[in-house]
Amino acid sequence: MTFDWQAVEAALNDYGCAHVPGVLTPDACTALARAYADSERFRSRVVMARHGFGRGEYQYFRYPLPDVVAGLRERMYGPLAAIANRWYGAMALPVRFPLAHAEFLARCHAAGQQRPTPLLLQYEAGDYNCLHQDLYGEHVFPLQAAFLLSRPGADFTGGEFVLTEQRPRMQSRVEVVPLAQGDCVIFPVFHRPVNGTRGIYRVNLRHGVSRVRSGRRHTLGIIFHDAE
């Protein structure tokens with residue numbers, strides 16, 4: 001698992017998301033996807049159609065997290081926290097994030113956000129995920145990641161990752177990220193700074209998944225704040 005964090009930050013600043021290929025091996029992807037059937041690993045299951053979220057379902061891991069999930073969350077947090085702090089400084093927001101994930105989780109837990117948020121998502125043919133933001137309480141880490149565990153064109157078709165950016169007094173911009181098995185996409189939870197003609201302004205983002213046309217699609221989501 002290797003990340004060029006300078007390239008990640010540049011892509012986030014330029015496009016609102018960063019595509020990192022080949023982070024997880026095929027074997028790791030297969031093992032995680034198979035884990036979806038083991039309900040003992042998870043604290044809750046959500047059927048999207050019951051809540052108007054789309055179609056499909058997902059499950060939140062319980063603590064302790066699987067080693068690969070905990071490792072990704074720990075390894076990615078520090079470099080992303082440095083980016084988040086630069087973003088919040090640019091947007092003149094007072095919050096700053098500690099560079100150690102344990103310190104940030106302690107902040108979440110002290111505020112009553114104690115439930116883990118990493119999750120596995122499962123989509124069948126016809127399923128989709130409506131545009132949304134993953135906000136789970138007062139303390140929100142502004143970046144998150146998704147890892148495609150299935151093989152496009154072999155395990156499923158369709159099901160593209162979609163990001164929309166709502167710019168003030170302008171039409172929304174759409175980014176579609178084509179992912180291969182094991183690829184990662186890093187993106188904002190809800191907003192990011194953008195350089196405009198009058199300086200830096202804040203834009204609002206939402207993400208989702210387009211309709212799966214055939215097969216089954218699994219995704220790992222890494223969210224760095226815990227939930228109430």
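C17 is buried, at a relative accessible area of 6%. C184 is buried too, with a value of 0%. Buried here means under 20% relative accessible area, exposed means over 50%, and partly exposed is in between, with a 1.4 Å probe and protein chains only.

Before I go on, please keep in mind that this is a predicted model: local features need pLDDT of at least 70, side-chain atom pairs count only at pLDDT 80 or more, and totals for chains, interfaces and linings use all residues. Residues are numbered from 1 along each chain as its sequence is written, and side-chain values use heavy atoms, with hydrogens and water left out.

Back to the cysteines: how many disulfides are there? A disulfide is a pair of cysteine sulfur atoms within 2.5 Å, and by that rule the count is zero.

A nonpolar core is a set of buried Ala, Val, Leu, Ile, Met, Phe, Trp, Tyr and Cys residues joined through side-chain atoms within 4.5 Å. The largest one has 45 residues, and the members touching the most others are M76, F141, F147, C184, I186 and L220. Several elements give two or more residues to this core, including α3 (67–90), β7 (143–148), β11 (184–188) and β14 (212–223). Which element gives the most? That is α3, with ten residues. Helices (H or I, at least four residues) and strands (E, at least two) are DSSP runs, numbered from the N terminus.

Have a look at F141. Contact means heavy atoms within 4.5 Å, and, not counting residues up to four places away in sequence, F141 touches Y77, L80, A81, A84, F97, F104, V189, F224 and H225.

L148 deserves a moment of its own. This leucine lies in strand β7 and is buried, with a relative accessible area of 2%. Beyond four places in sequence, its contacts include C29, F156, L179, D183 and R217. The C-alpha atoms of L148 and R34 are 13 Å apart, although 114 residues separate them along the chain.

Now to a loop. Q133 sits between β6 (128–132) and β7. Its side chain makes a polar contact with the side chain of N204, at 3.0 Å. A polar contact is a pair of N or O atoms within 3.5 Å; within protein, one must be able to donate a hydrogen and the other to accept it, and residues adjacent in sequence count only if both atoms are side-chain atoms. A polar atom of the Q133 side chain also lies 3.5 Å from the backbone oxygen of F190.

Finally, let's zoom out. The protein has four helices and 14 strands. Buried residues make up 52% of its 228 residues. Of the contacts between residues at least 6 apart in sequence, 77% join residues at least 24 apart. The C-alpha atoms fill a box of roughly 50 × 40 × 35 Å along the principal axes.
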